[in-house]
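Dear colleague,

Please find the structure below, handed over for your records. My findings follow it.

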Amino acid sequence: LSPRSMVELQQLCDKVPSYDSKIAFKTIEKELGRTVDELFSEITPEPVAAASLGQVYKATLRSTGQTVAVKVQRPAVLETVSLDLYLARELGLFVRNFPQLVDRLDAHYDIRGCNLILGRIDRQIHRGGQLR
């Protein structure tokens, strides 16, 4: 993508509203196998930051007293990113058939890059894991 397009996309990603903290805390507990209260002596009730892939909480580890940032992935982020990449790849393949349109676009699609990422996501889904 062009620098101008990247700036526009970054602004969109940075303006994503947060999602319910109850869902985030359940995700923490599921991923780490312990309750939020067991893990942290303090954690902000609402995220201190939110973006397209997740949100961040400020917390204090119960075990050491260390202040940490806890980043929690958005629900269904793997599926959402997979769909976005698939659609970008398909659009890129379609647009390549119209050279006069390609010349007017402010973006160039890296089809091989989309394919590599989609392959990695597909392997993760089949293993039942999340991207880290």
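A polar contact is a pair of N or O atoms within 3.5 Å; within protein, one atom must be able to donate a hydrogen and the other to accept it, and residues adjacent in sequence count only if both atoms are side-chain atoms. One case involves the backbone nitrogen of Thr 35, which lies 2.8 Å from a polar atom of the Glu 38 side chain.

Please note that this is a predicted model, in which local features need pLDDT of at least 70 and side-chain atom pairs count only at pLDDT 80 or more, while totals for chains, interfaces and linings use all residues. Residues are numbered from 1 along each chain as its sequence is written, and side-chain values use heavy atoms, with hydrogens and water left out.

Overall architecture

The chain holds six helices and four strands; helices (H or I, at least four residues) and strands (E, at least two) are DSSP runs, numbered from the N terminus. Along the sequence, the order is α-α-α-β-β-β-β-α-α-α. The accessible surface of the chain is about 9,600 Å², and carbon and sulfur atoms account for 57% of it; areas come from the Shrake-Rupley method with a 1.4 Å probe, and for residues only the protein chains shown count as cover. Of the 132 residues, 25% are buried, where buried means under 20% relative accessible area, exposed over 50%, and partly exposed in between (1.4 Å probe, protein chains only). Among contacts (heavy atoms within 4.5 Å) with a separation of 6 or more, 42% join residues 24 or more positions apart.

The nonpolar core

In soluble globular proteins, nonpolar side chains tend to be buried together. A nonpolar core is defined here as a set of buried Ala, Val, Leu, Ile, Met, Phe, Trp, Tyr and Cys residues joined through side-chain atoms within 4.5 Å. The largest one has eleven residues: Tyr 19, Ala 24, Phe 25, Ile 28, Val 36, Leu 39, Phe 40, Tyr 57, Ala 59, Val 70 and Val 72. Apart from residues up to four places away in sequence, Phe 25 touches Val 36, Ile 43, Thr 44, Pro 45 and Tyr 57.

Gln 55 belongs to strand β3 and counts as buried because its relative accessibility is 0%. Its side chain makes a polar contact of 2.7 Å with the side chain of Tyr 57. Beyond four places in sequence, the contacts of Gln 55 include Ser 18, Pro 47, Val 70 and Val 72.

Ala 69, in strand β4, counts as exposed because its relative accessibility is 63%. With residues up to four places away set aside, Ala 69 touches Val 56 and Tyr 57.

Helix α3

Glu 38 sits in helix α3 (residues 36-39) and is partly exposed, with a relative accessible area of 41%. From C-alpha to C-alpha, Glu 38 and Ser 63 are 8.9 Å apart in space and 25 residues apart in sequence.

Helix α4

Leu 87 is part of helix α4 (residues 77-95) and counts as partly exposed, at 48% relative accessibility.

Yours sincerely
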